[in-house]
Amino acid sequence: MRPELRDVIEYRKSGLSVNWIVGCPLDCGYCVRHLFDNYDMKVPKALMTDTAAVRMLLDHQYFQPHITPIQLLNRATDPMLPRVKQHLFEALRMLDARELTNQVLVITRWRIEHEDCAFFNSLRHIRLTVLVTHSGIDNEQVEPVDSGIAANSLRIAHDHADRYRVILYWRPIVAGLNDSDEHLRRAFELSYHAHATVFTGLFYKEQIRAYYQANGLPEPYDEAARRKVFPETLEQRILAGAAEHGVGSPLFRKTSCAVTYAHGVADYNGHYGIRGLCDICPGSQQHKCEEAWQRPDRARVAEMTERLGGQFLGMTDGAIVVSGLAEPPRYLMQHTFAFQVHDAARPHHPSHHGRADIGWPTIKETP
């Protein structure tokens, strides 16, 4: 097992990700497990006890009670698998027992039953969001798991939601694979069974592309990319289709935007500063984020950047700009200030919203 998988906690944009169980039998061809060389590990295996994993989270140098968003078992397994679910529930119990109010994200494409919903509703303090991954991909070589399982889980979870919230995690949407008018229509119908809907593209990194090539799978794009691939024309079709057919829950480009909307709070990632992101958000949520969003004190930002080992370069209208910081400390700053933190070496392009350049014009004319 590669060392990265033994490093149980990873800081991602959507929060501190805790992954103390590794292994998944679902065989989705585009799974990020390819990046860790453990795609062939089908039987989930615990690297430590549930208690030890939660303690490691709470003792992590970047964890902040009531502030840091948390993700559980979202990197190397599915948390709702029969061999995994009991461990997920125990971790949720322990976090809730400490009366933490942090956002907690659970991402699954597997079965959610009525009794699972009863447990989720029993949690009194954490702000739990269940994100049900649904792609609608019907090519069994790419995704052998029937998307109907996720669709049914979404309906059950939403029907029984009281103290938790449910997101339709519509992903990955891949040009030429699951972006037909019929695919889009089905997703729009499913959006009626969620408090919010996130749509996003495919992580088509070199390791995943190599797997496609080795197994004769249809390659969706001509090259690999560091960021998610989501062509501009595909986004335009989705937004136009949603306007034409209607949706049951609002569409969001970013996970944290959907999660915080569903819970009735402002976005913890401070996306409001990147105004182009918000043009599809409900007006009520834009107002909520506007009221909460504020530029942090420069001296405090500079001090924190230096303490973390980086250099503070300044602030734009919507983001702190730094150099010399890896993603984890940048995300720590971002969640501390609820304000975007950008790496000067990897600038954000207008309208791309952090996506790969594939499918987007190299140069955009300024109106």
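## Helices H11 and H12

Helix H11 (residues 298-307) and helix H12 (residues 327-337) have axes that come within 11 Å and cross at roughly 155°. H11 is therefore roughly antiparallel to H12, a label used for angles over 145 degrees, while under 35 counts as roughly parallel, 65 to 115 as roughly perpendicular and the rest as oblique. The axes are lines fitted to C-alpha atoms, for helices over the stretch in contact, with angles from 0 to 180 degrees between N-to-C directions. The crossing of this pair is right-handed; that is the term when the near helix is turned clockwise from the far one by less than a right angle, and left-handed is the term when it is turned anticlockwise.

Where do H11 and H12 meet? Arg300, Val301, Met304 and Thr305 of H11 are in contact (heavy atoms within 4.5 Å) with Leu332, Met333, Thr336 and Phe337 of H12.

## About the model

This is a predicted model, in which local features need pLDDT of at least 70 and side-chain atom pairs count only at pLDDT 80 or more, while totals for chains, interfaces and linings use all residues. Residues are numbered from 1 along each chain as its sequence is written, and side-chain values use heavy atoms, with hydrogens and water left out. Helices (H or I, at least four residues) and strands (E, at least two) are DSSP runs, numbered from the N terminus.

H12 is mostly covered, with eight of its 11 residues buried. Buried means under 20% relative accessible area, exposed means over 50%, and partly exposed lies in between (1.4 Å probe, protein chains only). The buried residues of H12 are Pro329, Arg330, Tyr331, Leu332, Met333, Gln334, His335 and Phe337. After H12 comes Ala338, with a positive phi near 50°.

## Helices H2 and H3

The axes of H2 and H3 come within 9 Å and cross at roughly 45°, so these two helices are oblique to each other. Their crossing is right-handed. H2 contributes Asp50, Thr51, Val54, Leu57 and Leu58 to the contact, and H3 contributes His87, Glu90, Ala91, Met94 and Leu95.

## Two nonpolar cores

A nonpolar core is a set of buried Ala, Val, Leu, Ile, Met, Phe, Trp, Tyr and Cys residues joined through side-chain atoms within 4.5 Å. The largest one here has 97 residues, and Leu72, Leu92, Ile238 and Ile320 have the most contacts inside it. Helix H3 (residues 82-97) supplies the largest share of this core, seven residues.

Beyond four places in sequence, Ile238 touches Trp170, Ile173, Leu184, Phe188, Phe199, Phe230 and Leu251. A second, separate core has 17 residues, among them Leu105, Ile107, Leu131 and Val259.

Is Thr68 buried or exposed? Thr68, in the loop between helix H2 (50-58) and strand S5 (70-72), counts as buried because its relative accessibility is 0%. Its side chain reaches the backbone nitrogen of Gln64 at 2.7 Å. Thr68 and Thr336 are 268 residues apart in sequence, yet 7.9 Å apart in space, C-alpha to C-alpha.

Residues touched by Thr68, beyond four places in sequence, include Tyr11, Tyr62, Phe63 and Gln103. Gln103 lies in strand S6 (residues 103-108) and counts as buried because its relative accessibility is 5%. Leaving aside neighbours within four places in sequence, the contacts of Gln103 include Thr68, Arg127, Val259, His263 and Tyr268.

Notes. Polar contact = N/O pair within 3.5 Å; in protein donor to acceptor, adjacent residues only side chain to side chain.
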